[in-house]
Amino acid sequence: MESATPRTWFVTGTSSGLGRALIEALLGDGHRVAATVRGRSRLDDLKDVYGDRLWVGDLDVTDTVALRRVVDDAFGELGRIDHVVSNAAYGLYGAAEEFTDDDIGRLLAVNLIAPIQLLRAAVPHLRRQGGGHYVQISSLAGQTGIAGASIYHASKWGVEGFVESLHEELAPFGVGLTVVEPGSIDSDFFARLDVASAIEAYRDGPVGALRDYLSDRAAVKRDAIGDPRRMARAIIEAAEAAEPPRRLVLGSDAYEWIEKALHSRLSALRSQEAAARSTNR
Ligand SMILES: NC(=O)c1ccc[n+]([C@@H]2O[C@H](COP(=O)([O-])OP(=O)(O)OC[C@H]3O[C@@H](n4cnc5c(N)ncnc54)[C@H](OP(=O)(O)O)[C@@H]3O)[C@@H](O)[C@H]2O)c1
């Protein structure tokens with residue numbers, strides 16, 4: 001299906017899963033895509049089919065200098081980029097005290113610092129071209145908290161807080177933002193999940209139970225209910241809308257978890273109204 005208005009998109013983390021589904025859908029629709037990937041040959045099959053409509057940047061998103069160069073090159077060579085999608089990320093599992101300092105630093109470098117730096121690199125270009133749209137792939141983990149995934153949740157809450165603060169800051173320049181909150185996705189994510197070395201004390205609690213479940217990677221993949229192609233389609237539709245949403249929830253699991261979390265936060269907040277007001281000077 002060719003799109004009526006071809007646009008240019010920039011997407012990180014396009015070797016697999018949602019990122020790959022997104023660029024396949026965009027290219028199939030007739031759009032131009034700047035895709036970043038660790039190892040440019042991983043997109044050779046798409047390059048063979050789509051030629052110059054696919055621009056490929058080799059990028060480990062934690063290399064901030066390279067990230068700025070790739071963003072500058074993409075805007076420089078393609079002239080205008082309408083949508084920038086920060087997608088690259090990975091998962092880390094374990095109890096908070098099981099993680100090494102390196103586990104934490106690595107995860108936050110990919111899932112939190114890199115998206116912040118990507119946006120900072122893209123905004124001057126979006127501003128100069130008179131606007132554009134930024135899409136941050138977060139997760140249901142950006143609104144909830146699950147035992148064993150604290151650092152992953154911290155990265156997604158962090159990136160959501162960053163984006164949430166930018167709506168007013170960037171509106172004067174015509175730059176809009178959407179945070180996407182998918183539930184489980186049928187992708188390589190759980191096969192690649194980084195798992196901390198176990199401490200015996202957590203074996204019989206919720207961290208241990210989920211660790212056991214996650215150890216059967218094939219079962220976890222089977223249980224993932226989100227179709228990356230449908231999610232990609234929903235993201236494109238939302239980003240191309242006249243008024244793109246600030247948040248886009250994808251998957252019935254994401255909807256249910258987030259609805260429950262928001263209800264519980266709102267009712268906890270309301271139960272504290274009198275106490276909150278009582279501390280005014
Ligand atoms: N899978 C889920 O259940 C789920 C649920 C909610 C949200 N999400 C979010 O959805 C997004 C896509 O995940 P996915 O499910 O499609 O997983 P995926 O198939 O594992 O894809 C993740 C992508 O990120 C890339 N990446 C990881 N570290 C990178 C780095 N340092 N530099 C550059 N690229 C890097 C990977 O590239 P390499 O091949 O080079 O490693 C891969 O292309 C992520 O933001 C994830 O947090 C996933």
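Modeller: Two helices, α1 (17-28) and α5 (150-164), each supply at least two residues of the shell around the ligand. The model is a predicted one, and every value below is computed from it. In total, 29 residues surround the ligand. The closest of these are Ser15, Arg42, Asn87, Tyr152 and Ser187. Sorted by class, the shell comprises 12 nonpolar, 11 polar and 6 charged residues.

For serine 187, a polar side-chain atom lies 2.6 Å from a ligand oxygen. In the case of serine 16, an N or O atom of the side chain is 2.7 Å from an oxygen atom of the ligand. Arginine 192 likewise has a polar side-chain atom at 2.9 Å from an oxygen atom of the ligand. Of the 890 Å² of accessible area that the ligand has on its own, the protein covers 95%.

The partner of α5 is α4 (residues 101-128): the two pack at an angle of about 15°, and their axes are 9 Å apart. Because angles under 35 degrees count as roughly parallel, α4 is described as roughly parallel to α5. The crossing of this pair, α4 and α5, is right-handed.

Helix α4 in turn packs with α3 (residues 64-78), at an angle of about 30° and with the axes 10 Å apart. This angle makes α3 roughly parallel to α4 as well. Here too the crossing, in which α3 passes α4, is right-handed.

On the side of α1, the partner is helix α9 (residues 228-240). These helices, α1 and α9, pack at an angle of about 60°, with 8 Å between their axes. The angle therefore makes α1 oblique to α9. In passing α9, α1 forms a right-handed crossing.

Taken together, α5, a contributor to the ligand shell, packs with α4, and α4 packs with α3. The other contributor named, α1, packs with α9.

Note on methods
Residues are numbered from 1 along each chain as its sequence is written. This is a predicted model: local features need pLDDT of at least 70, side-chain atom pairs count only at pLDDT 80 or more; totals for chains, interfaces and linings use all residues. Side-chain values use heavy atoms; hydrogens and water are left out. A residue is near a molecule or strand if one of its heavy atoms lies within 4 Å of it. A polar contact is a pair of N or O atoms within 3.5 Å; within protein, one must be able to donate a hydrogen and the other to accept it, and residues adjacent in sequence count only if both atoms are side-chain atoms. Accessible areas come from the Shrake-Rupley method with a 1.4 Å probe; for residues, only the protein chains shown count as cover. Helices (H or I, at least four residues) and strands (E, at least two) are DSSP runs, numbered from the N terminus. Ala, Val, Leu, Ile, Met, Phe, Trp, Tyr, Cys and Pro count as nonpolar, Asp, Glu, Lys and Arg as charged, and the others, Gly among them, as polar. Axes are lines fitted to C-alpha atoms, for helices over the stretch in contact, and angles run from 0 to 180 degrees between N-to-C directions. Angles under 35 degrees count as roughly parallel, over 145 as roughly antiparallel, 65 to 115 as roughly perpendicular and the rest as oblique. A crossing is left-handed if the near helix is turned anticlockwise from the far one by less than a right angle, and right-handed if clockwise.
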